[in-house]
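Trainee: Before we go over the labels used for this model, could you put it on the screen?

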Amino acid sequence: MTATDEQVRAWASVLRVHAAVVPRLERELAAVGMPLSWYDVLLELNTAPDRRLRMTELGARAVLSRERVSRVVDELERAGLVRRERNPDDGRSLLAVITDEGRARFRAAAPTYLAGIDRHFGAHLDPDEARTVATALSRVVEAAEQQASLTARARR
């Protein structure tokens with residue numbers, strides 16, 4: 001099966017939106033002392049149960065590569081915004097845990113992040129369009145995650 005013209009156009013639009021919006025968000029967050037990669041990791045940790053995730057879970061959730069997530073956690077740990085702990089459930093894996101300082105810095109940067117999303121993305125969509133985009137792209141992400149899970153199981 002070959003992609004249709006509309007599918008190619010949709011994919012190209014996703015890439016162009018990413019290329020147009022992400023650098024603006026990066027600049028705006030940098031101005032308040034929060035790299036976008038840090039914000040992404042802190043967002044995932046702040047919304048996780050007990051504000052902690054196994055490193056493998058964090059790598060799967062963050063929009064960074066798994067290798068980059070490890071480096072970002074190293075940076076956040078040096079800055080005192082995250083700490084690593086042994087997983088009490090298995091004693092082998094590590095948990096990334098957001099610190100109180102990490103939560104404070106995350107909350108301080110959130111208005112800049114949210115305003116940037118609104119200004120550079122959301123302001124150009126009506127509520128129905130935003131819902132449609134979110135629903136459609138969520139299906140793509142879910143399919144990719146299912147395929148990754150199947151591939152990982154097949155390797156074991």
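**Core and salt bridges**

Mentor: The largest nonpolar core has 29 residues, and Tyr39, Val41, Leu42, Leu45, Leu58 and Leu76 touch the most other members. At least two residues of this core come from each of helix H1 (5-30), helix H2 (36-47), helix H3 (55-61), helix H4 (66-78), strand E3 (94-98) and helix H5 (100-120). H2 gives the largest share, 6 residues. Note that the model is predicted.

Trainee: Which residues does Val41 touch, leaving out those up to four places away in sequence?

Mentor: Val41 touches Leu58, Leu64, Val72, Val73 and Leu76.

Trainee: What makes Arg9 and Glu6 a salt bridge?

Mentor: Their closest N and O atoms are 3.5 Å apart. The cut-off is 4 Å, so the pair qualifies. Arg9 and Glu6 are 3 residues apart in helix H1, about one helical turn.

Trainee: Why is Arg9 called exposed?

Mentor: Exposed means over 50% relative accessible area. Arg9 has 52%, so the label applies. Glu6 is also at 52% and therefore counts as exposed.

Trainee: How do you know that Asp74 and Arg84 form a salt bridge?

Mentor: The N to O distance is 2.8 Å, within the 4 Å limit.

Trainee: Why is Arg84 called partly exposed rather than buried?

Mentor: Buried requires under 20%. Arg84 has 22%, so it is partly exposed.

How values were computed. Residues are numbered from 1 along each chain as its sequence is written. This is a predicted model: local features need pLDDT of at least 70, side-chain atom pairs count only at pLDDT 80 or more; totals for chains, interfaces and linings use all residues. Side-chain values use heavy atoms; hydrogens and water are left out. A nonpolar core is a set of buried Ala, Val, Leu, Ile, Met, Phe, Trp, Tyr and Cys residues joined through side-chain atoms within 4.5 Å. Buried means under 20% relative accessible area, exposed over 50%, partly exposed in between (1.4 Å probe, protein chains only). Helices (H or I, at least four residues) and strands (E, at least two) are DSSP runs, numbered from the N terminus. Contact means heavy atoms within 4.5 Å. A salt bridge is a side-chain nitrogen of Lys or Arg within 4 Å of a carboxyl oxygen of Asp or Glu.
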